[in-house]
Amino acid sequence: MTPVISRSLIPSCSSTLASSSRLFTRSLVSHAYMPPSPSSSSSPASSLPIEATTTTPTDLTDEQRQLIDSIIRVDQAGELGANWIYRGQKWAMDVKGDKETGKQVEEMWENERHHLTILSHLQTQHRARPTMLYPLWQAMAFGLGASTGLLSKEAAMACTEAVETVIGEHYDDQLKALQPLLNPTDPSSPAPHPSLPLMADILKEFRDDELEHLDFAVEEGAQKAPGHSLLSAIIGVGCKVAIKVCEKV
């Protein structure tokens, strides 16, 4: 897999994940799918043709169509899982009365809710088949979040670190797979459908968000969790298996 890009190369939030509202006030290309706001006229999304968010390419080969379908299905399933992991962690922090960590989890969870909203738009626009295993991922993700959260704050952060490491690598792999569609080698090929560069930009945006969560988790003690190496390895393998399954199912 492509190595994860360090968040040190990307502007990050403060060590307290200062405010999740920052994720929605900075200029985000994913806002092309959100209702217009007074400030949206100056965003990158404001210059996109309407076809970028309302239509899907009609000239793709079966293999290319399967690639788009797989990318959206896997990423939507991943964001569903992330939402339930954070839901489980938030529940655990509420049970333990850890309001500070609960607030941190809630802020990362808000970011994942935005990701899920956008991917649901993409799934509808491109008519991608969603995963058939949602109930399974829901139960497993909530259990993972709740169990690590009950163990300790450090274990919860180690869970976030492990998951986001795999997801950051996976987004990089998807961006690499999209390159032939975005930059065809045949000079006579038509320009890519406007939805495809938009999708690639959204994948980059979401990758950077996930890597921000990774760095934050490390700052908050992820690597101090008991059995950190074993815990990270188990969670990482589980994430990779889930990705492979969702590519097909």
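Me: Trp-84, Trp-91 and Phe-142 form one aromatic cluster. How many aromatic pairs does a search of the whole structure find?

Reply: The model discussed here is a predicted one. A search of the whole structure finds two aromatic pairs. In one of them, the ring centres of Trp-84 and Phe-142 lie 6.2 Å apart and the planes meet at 70 degrees; an angle over 60 degrees counts as edge-to-face, so this pair is edge-to-face. The pair links distant parts of the chain, with Trp-84 in helix H3 (residues 62-96) and Phe-142 in helix H5 (residues 134-151), 58 residues apart.

Me: Is Trp-84 to be described as buried or exposed?

Reply: A residue is called buried when its relative accessible area is under 20%. Trp-84 has 18% relative accessibility, so Trp-84 counts as buried. For Phe-142 the value is 28%, and Phe-142 therefore counts as partly exposed.

Me: How is the aromatic pair of Trp-91 and Phe-142 arranged?

Reply: That pair is tilted, with 6.1 Å from centre to centre and 50 degrees between the planes. This pair, too, links distant parts of the chain: Trp-91 belongs to helix H3 and Phe-142 to helix H5, at a separation of 51 residues. Trp-91 is partly exposed, since its relative accessible area is 41%. Phe-142 takes part in the pair with Trp-84 and in the pair with Trp-91, and the three residues form one cluster.

Me: Which charged end sits over the ring of Trp-84?

Reply: The residue is Arg-87, whose charged end lies over the ring of Trp-84 at 4.3 Å from the ring centre. A second case involves Arg-113, with its charged end over the ring of Trp-109, 4.6 Å from the centre.

Me: Which residues in H8 are buried?

Reply: The buried residues of H8 are His-228, Ser-232, Ile-235, Gly-236, Cys-239, Ile-243 and Cys-246. They cover an arc of only 105 degrees around the axis, so they lie on the same side of H8. The face turned away from that buried side carries the exposed residues Leu-230, Ile-234, Val-237, Lys-244 and Lys-248.

Me: What do the buried residues of H8 pack against?

Reply: They pack against H3, H5 and helix H6 (153-182). H3 and H5 are also the helices that hold Trp-84 and Phe-142.

Me: How many salt bridges does the structure hold?

Reply: Side chains of opposite charge can pair when their charged atoms come close. This structure holds seven salt bridges. One of them joins Asp-69 and Arg-73, whose closest N and O atoms are 2.3 Å apart. Both residues lie in helix H3, four residues apart, which is about one turn of the helix. Asp-69 is buried because its relative accessible area is 16%, and Arg-73 counts as buried at 4%.

Me: What does Glu-106 form a salt bridge with?

Reply: Its partner is Arg-113, the closest N and O atoms being 2.6 Å apart. Glu-106 is partly exposed at 25%, and Arg-113 is likewise partly exposed at 31%. Arg-113 is the residue whose charged end sits over the ring of Trp-109.

Me: Where in the chain do Glu-220 and Lys-153 lie?

Reply: The side chains of Glu-220 and Lys-153 meet in a salt bridge of 2.6 Å, N to O. This pair links distant parts of the chain: Glu-220 lies in the loop between helix H7 (195-219) and H8, and Lys-153 lies in helix H6, 67 residues apart. Both Glu-220 and Lys-153 are buried. Elsewhere, Asp-172, Arg-207 and Asp-208 are linked in a network of salt bridges.

Me: How many helices and strands does the protein chain have?

Reply: The protein chain has eight helices and zero strands. Of its 249 residues, 48% count as buried. Among the contacts with a separation of 6 or more, 87% join residues 24 or more positions apart.

How values were computed. Residues numbered from 1 in each chain as written. Predicted model: local features only at pLDDT ≥ 70, side-chain atom pairs only at ≥ 80, totals over all residues. Heavy atoms only, no water. Phe/Tyr/Trp six-rings, centres within 6.5 Å; stacked < 30°, edge-to-face > 60°. Helix = DSSP H or I, 4+ residues; strand = E, 2+ residues; numbered from the N terminus. Buried < 20%, exposed > 50% of the residue type's maximum accessible area, 1.4 Å probe, protein only. Lys NZ or Arg CZ within 6 Å of the ring centre and 35° of its normal. Arc of directions from axis to C-beta. Contact = heavy atoms within 4.5 Å. Salt bridge = Lys/Arg side-chain N within 4 Å of Asp/Glu carboxyl O.
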